[in-house]
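Please keep the model in view while reading.

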Amino acid sequence: MLKRASTLLAMSLLVTFGFAKDKAKSALPGDVLSAQTVAVLIDPNAGLSVDDRQANQVAQKDVETALLNWGRFQPVLGTQTADLIVVLRKGNGRLVNQTIPDPRQNNRAGVITPADNGVSIGAQHGPRPNLSGGPVLGSGPPSPHSQTEVGEVDDSFLVYRGGVEDPLDSTPVWKYIAKDGLRPHNVPAVAAFRKAVAEADKAAACKP
């Protein structure tokens with residue numbers, strides 16, 4: 001009985017440490033290195049947190065600002081012209097969270113330009129194209145009722161290929177899931193992506 005308990009404890013610690021690690025990364029394919037534009041979306045399945053309704057939108061702006069400061073990819077609003085699509089979601093340390101559904105979170109249109117406080121967005125001109133197979137974003141008012149949402153405990157930053165049908169139904173080409181991964185100002189997820197791109201550039205340059 002004691003041996004079994006010890007085995008279960010060891011397995012439990014293994015799982016715990018496995019999830020505590022920086023859950024990032026995979027090797028970057030060559031087409032990511034040649035990409036020029038990127039669209040930053042809030043996970044279409046993410047609702048508005050009852051604790052902080054602007055959390056995902058603030059993170060979206062922070063990521064776009066970090067990408068602009070990097071200068072490698074040009075952030076755009078239209079997914080049709082994006083070579084890459086970044087899908088983000090703020091975690092709050094809880095596996096189960098109370099949220100308010102709002103399909104309009106990604107309903108923006110215009111252009112992204114640098115501003116003193118990060119980025120500014122052009123005027124709204126209509127609903128954003130549907131990427132997830134659900135209702136068209138911006139096609140109706142948000143539900144006033146809260147819902148129980150089960151999702152990632154940590155912040156997530158997933159990179160998908162653009163220019164394909166139903167891009168969010170494919171496997172991400174790169175991902176970063178970690179506590180405070182979308183922290184404002186330095187945005188660790190973008191910093192990790194920059195490092196991955198630099199390493200892939202170096203590896204590509206070494207190839208004959």
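## A buried aspartate and its partner

D155 is buried, with a relative accessible area of 2%. That value falls under the 20% limit, so D155 counts as buried. The model is a predicted one.

Which residue forms a salt bridge with D155? The partner is K90, and the closest N and O atoms are 3.3 Å apart. The pair links distant parts of the chain, 65 residues apart. K90 sits in the loop between β5 (84–89) and β6 (96–100), while D155 belongs to strand β10. K90 is partly exposed, at 29% relative accessible area. Its value lies between 20% and 50%, which means it does not count as buried.

## A second bridge at strand β10

Strand β10 spans residues 155–161 and also holds R161. R161 forms a salt bridge with D31. Here the closest N and O atoms are 2.5 Å apart. D31 lies in helix α2 (residues 30–33), and 130 residues separate the pair. This bridge, too, links distant parts of the chain.

R72 and D201 meet through their side chains in a salt bridge, with 2.7 Å from N to O. Where do the two residues lie? R72 is in the loop between α3 (55–70) and β4 (74–76). D201 is in helix α4, which covers residues 188–206.

## The chain as a whole

How many salt bridges does the count give? It comes to four. Among them are K90 with D155, D31 with R161, and R72 with D201.

The protein chain has four helices and eleven strands. It has 208 residues, and 39% of them count as buried. Of the contacts with a separation of 6 or more, 76% are between residues 24 or more positions apart. The accessible surface of the chain is about 11,800 Å². Carbon and sulfur atoms account for 56% of that surface.

Key:
Residues are numbered from 1 along each chain as its sequence is written. This is a predicted model: local features need pLDDT of at least 70, side-chain atom pairs count only at pLDDT 80 or more; totals for chains, interfaces and linings use all residues. Side-chain values use heavy atoms; hydrogens and water are left out. Buried means under 20% relative accessible area, exposed over 50%, partly exposed in between (1.4 Å probe, protein chains only). Contact means heavy atoms within 4.5 Å. Accessible areas come from the Shrake-Rupley method with a 1.4 Å probe; for residues, only the protein chains shown count as cover.
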